[in-house]
Amino acid sequence: MVHSTRRGLRRAAAAVVATTLLVAGCSQGQDPAPEAATVAPTLEPQKAAAPDPVVAPTWPLTGVAGEPVNRPALAVKIENTATARPQSGLDQADVVWETIVEFEVSRFVAVWHSQVPEEVGPVRSVRPMDPDIVSPMNGLLTFSGGQPGILDLVAASPTQVISHDAGAAGLYRISSRSAPHNVYADPTALWAQADANHQNSPGEQFAFARTAERATAVAAGTPATTLAFDLSSQSKPSWTWNGTVWERSEGSTPAVAASGARLSATNVVSIVADHPGTPFGAQNGAVVPTYTLVGSGEATLASGGKTIPVRWQKDSRDAPMQLFTADGAPALLAPGNTWVELVPAGTGSLAIS
């Protein structure tokens, strides 16, 4: 009985082994199941990075596109009495500031940078407001002399002084006019005297649009044909839009340069500022005035036959004059030359028609 049971167990084990071998043999004879195909992701073509826009360089005092020459701004005090007219070089100035001095006469601070006239003049003496006008450019200031106290104000500014009375080169008297209206200057000779601290071009003073169409007055201003200024009893300049530029007149007389060119401007900026007297005196007890140009006040910007009210702001003597629209955005001038009319607050005026 025991032997029968053992024989049965051996047969059962053999059957299991045979079955296992059969299954294994079948498994080895079959192809393995295919693996799932790996699909490479589809990559979007890489877009090349956009190149930085090419921005053409511009002359800092005019906003006109070009290749600026690295030289300092050259500011010169220019007379504007009837005896002084027509003046030399004003038609090539980048910026001209018109101020009222003693005896209510007008005098210019003309600034050259992008153009080089052969001659400028007549050159006259310095005034107390001049450092506030020229200091932001860190350039050259040329004049024919001045009172000791006023000379001290200029000497304390970052401007390099070139004075005829001090014997500077490049200034001379011409024989065709009588003194004191006959001091003239050679700009090339003046630039040649720039010292190591005054070799470089000025920074941008006013903000400029890249094109005339984008200038603030052109884009958002009111059409105008005439800007009539009453700066004093002796100075009533006006500007008339001719379809291309603003043309200047002294009263009703067209203003021209010695070259015969009509004096004109792409932009005319009216700055209303206090015009107080100073401790400095002139002939017959006349008080030498100045302007309060550090601060802010009302202004008008004229470009492209349109005008817009703006606000001026100047944070310090050495900071440039800035213009802002009513919403606080920078007011942009049209590329070109600019004349700045300093209107005495309370006594001067601008009529637009």
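In strand β17 (residues 295-303), Val268 finds its bridge partner in Ala302. Strands here are DSSP runs of E with at least two residues, helices are runs of H or I with at least four, and both are numbered from the N terminus; two strands pair if DSSP finds at least two bridges between them. The model is a predicted one, in which local features need pLDDT of at least 70 and side-chain atom pairs count only at pLDDT 80 or more, while totals for chains, interfaces and linings use all residues. Residues are numbered from 1 along each chain as its sequence is written, and side-chain values use heavy atoms, with hydrogens and water left out.

Strand β17 also pairs with β18 (residues 306-314), through nine antiparallel bridges. Within this pairing, Ala299 has Val310 of β18 as its bridge partner. The two strands form a hairpin with two residues between them, and Gly304 in the turn has a positive phi of about 60 degrees.

Strand β11 (residues 246-250) contains Glu250. Because its relative accessibility is 15%, Glu250 counts as buried (under 20% relative accessible area, with exposed over 50% and partly exposed in between, for a 1.4 Å probe and protein chains only). Its side chain makes a polar contact with that of Asn80, at 3.4 Å; such a contact is a pair of N or O atoms within 3.5 Å, and within protein one must be able to donate a hydrogen and the other to accept it, while residues adjacent in sequence count only if both atoms are side-chain atoms. Leaving aside neighbours within four places in sequence, Glu250 is in contact (heavy atoms within 4.5 Å) with Asn80, Arg85, Phe108, Lys236, Pro237 and Ala255.

On a 1 Å grid over the protein atoms alone, a pocket is an open set of points with protein on both sides within 12 Å along at least five of seven lines, a cavity is a set where a 1.4 Å probe fits but cannot get out, and lining residues have an atom within 4 Å of a point. Grid points are joined across faces, edges and corners, and a volume is the space filled by probe spheres set on the points. The largest pocket has a volume of about 390 Å³, and among its 25 lining residues Arg107, Arg124, Ser125, Arg127 and Gln283 lie nearest the centre. The largest cavity has a volume of about 150 Å³.
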